[in-house]
Amino acid sequence: MTSEFEPVIGLEVHVELSTRTKAFCGCPATFGAPPNTQVCPVCLGLPGSLPVLNLKAVEYAIRAALALGCQVARVCKFDRKNYFYPDLPKSYQISQYDLPLATGGAVEFLTPGGRKRVGIRRLHLEEDTGKLLHEGVESGSLVDFNRCGVPLLEIVSEPELASPEDARLYLTALRSLIQFTGVSDCRMERGSLRCDANVSLRPRGSREWGALVEVKNMNSFRSVKAALEFEVSRQARVLSAGGRVARETRHWDEARGVTFPSRSKEEAHDYRYFPEPDLPPLRIEPEWVEEIRAGLPELPEARRRRLVSGLGLPEYNAWVLTSSPALARLFDETLRLYPDPREVSNWVMGDVLRVLNARRLELEESKLTAEGLAGMLRLIDRGLISGRAAKALLEALVVDGGEPARLVEELGLTQVSDPAALAGVVREVVAQNPSTVADYLSGKEKALTFLMGQVMKRTSGRANPEVAARLLRDAMAGEGRAGSGAGPDSGGEAGGR
Ligand SMILES: [Zn+2]
């Protein structure tokens, strides 16, 4: 549908900085307190109150800027962005307009076609607004001002994203970078990472720009991709039918899976920006910037290099394993206890992420530890659990946590390797599947797979596969000898299938 047109997408990302206090007052900036308990005259915008800049917020913003490779300005200033909305008691937001804290920089991400690099246009510091609450309210809205004045970083990309999937990958890489710097937890479901997009379409290969549509209200990585996919096809439909795309703001409706034009505060585009008279311009000493740079932790790129050239992992694995600090830490710590990079990487990227996704859990919310994961891998090595039982064990380690060996006992996952304990099941399976046994005896090695499946089914996957296969072969060889003694009739059974 979009083959005649190519999308041009830019993202505006807002990240709440996890400073202890707000940007311009001493109120706590923590999430989840009862409504309107973390407020004061400054963040409520009461007359006569004066803002005082939180230097920690500036330090955090610089840390993020450096991680993104931005140039930090020598001087920046704050401006008032004026608009009226019930979540903004001052009727203006303190933001940065023409002299942002940082510019330039880039985010790299890995696509199936190789690495891509998308530029960062600017990064600036501003304050968050309050939150309107509609749930459980019969008419009107309630407003919680706790979030008012929480320091917010706005990161604006260049319009260089070529597809909704690229946008998702960019966002993932950006989140990972910010999380590694430790300045925000970037949790979209809590609103500490928010994303708006600018989407336009142009004829493939053209340098012209189409009308820009701003898409808002995307609340998860999945919805960013879904909303952009919808918007790209919608615009393509309009253009293919000879129509014109209107320049507007649209909201994503998660439930209906559509974007719709919104009548919103942004419709009046004149924010009457002017310099904030209560805050002097901010001079940033290069020495301070260098000090912050020196204090940066190992960032994803350096880590990926270590995983690829140091441990010999494929580049794709390195990207997945650095997609969040928690995942990177789990990998590192498990590897210390169980030094097999391939094996640990396979489990972390495969089953660990699968279980977390299925349960919609962040790794930090799960009970999985490096000790648990390494313990599980050792149980597999010692033949105490089968691969299938390991998957069940991993579920338990993620959800409930605990000591792997004890969980295996509790859940009855111990692998049965004792031939005497398996002999009965094997005899039964052989006796009840005469035609398959005959297939095997006539040289169809595949028949063994079916019989193994039967043994696994009857032992809830606990039979040691090697032992079970050996027992099956032996039992069938016995059948074969017995069968050859019974005369030519016995072949009829195989043919009867
Ligand atoms: Zn306050």
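## Terms and model

A residue counts as buried if 20 or more other C-beta atoms lie within 10 Å of its own, as exposed if 12 or fewer do, and as partly exposed in between, with C-beta atoms placed from the backbone. This is a predicted model: local features need pLDDT of at least 70, side-chain atom pairs count only at pLDDT 80 or more, and totals for chains, interfaces and linings use all residues. Residues are numbered from 1 along each chain as its sequence is written.

## Overall shape

The chain has 497 residues, and 37% of them count as buried. The radius of gyration is 30 Å, whereas a compact globule of 497 residues would have one near 23 Å. That radius is taken over C-alpha atoms, and the globule rule is 2.2 Å times the number of residues to the power 0.38. Along the principal axes, the C-alpha atoms fill a box of roughly 105 × 55 × 55 Å.

The chain holds 16 helices and 17 strands. These are DSSP runs numbered from the N terminus: helices are H or I with at least four residues, strands are E with at least two. Two residues are in contact if their C-beta atoms, placed from the backbone, lie within 7 Å. Of the contacts with a separation of 6 or more, 70% join residues 24 or more positions apart.

## Domains

The chain divides into domain 1 (5-290), domain 2 (298-410) and domain 3 (419-495). The bounds come from an automatic or database domain assignment. Between the C-alpha centres of domain 2 and domain 3 lie 37 Å. Where these two meet, 4 residues of domain 2 are in contact with 4 residues of domain 3. The domain 2 side of that meeting has 1 nonpolar, 2 polar and 1 charged residue. Here Ala, Val, Leu, Ile, Met, Phe, Trp, Tyr, Cys and Pro count as nonpolar, Asp, Glu, Lys and Arg as charged, and the others, Gly among them, as polar.

## Nonpolar cores

A nonpolar core is a set of buried Ala, Val, Leu, Ile, Met, Phe, Trp, Tyr and Cys residues joined through C-beta atoms within 7 Å. The largest has 71 residues, and A61, A64, A65, L123 and Y170 touch the most other members. Leaving out residues up to four places away in sequence, L123 touches A64, A65, L68, C70, P100, L101, A102, L153 and I155. Another core lies apart from it, with 32 residues, among them V320, M376, A389 and L397.

A65 sits in helix α1 (residues 55-67). It counts as buried because it has 30 C-beta neighbours inside 10 Å. Beyond four places in sequence, A65 is in contact with C70, V72, L101, A102, G105 and L123. N36 is another matter: 29 residues from A65 along the chain, its C-alpha atom is 31 Å from that of A65.

Helix α9 (residues 370-381) has 12 residues. From first C-alpha to last it reaches 17 Å, close to the 16 Å expected at 1.5 Å a residue. The expected span is 1.5 Å times one less than the number of residues. G372, L373, A374, G375, M376 and L379 are buried in α9. Their cover includes α7 (325-337), α8 (341-358), α10 and α11 (404-410). After α9 comes G383, with a positive phi near 75 degrees.

Helix α10 has 13 residues and reaches 19 Å, close to the 18 Å expected. Its buried residues are A389, A390, L393, L394, A396, L397 and V398. They are covered by elements including α8, α9 and α11. G401 follows α10, and its phi is positive, near 70 degrees. V398 lies in α10 (residues 387-399). V398 is classed as buried because it has 22 C-beta neighbours inside 10 Å. Not counting residues up to four places away in sequence, V398 touches V355, L356, R359, S366, K367 and L368.

Most residues other than glycine have a negative phi. C186 is not a glycine, yet its phi is positive, about 50 degrees. C186 is in the loop between α2 (164-181) and β12 (193-203). It is buried, since 21 other C-beta atoms lie within 10 Å.

R272, also not a glycine, has a positive phi of about 45 degrees. R272 lies in the loop between β15 (258-261) and β16 (274-275). With 11 C-beta neighbours inside 10 Å, R272 counts as exposed.
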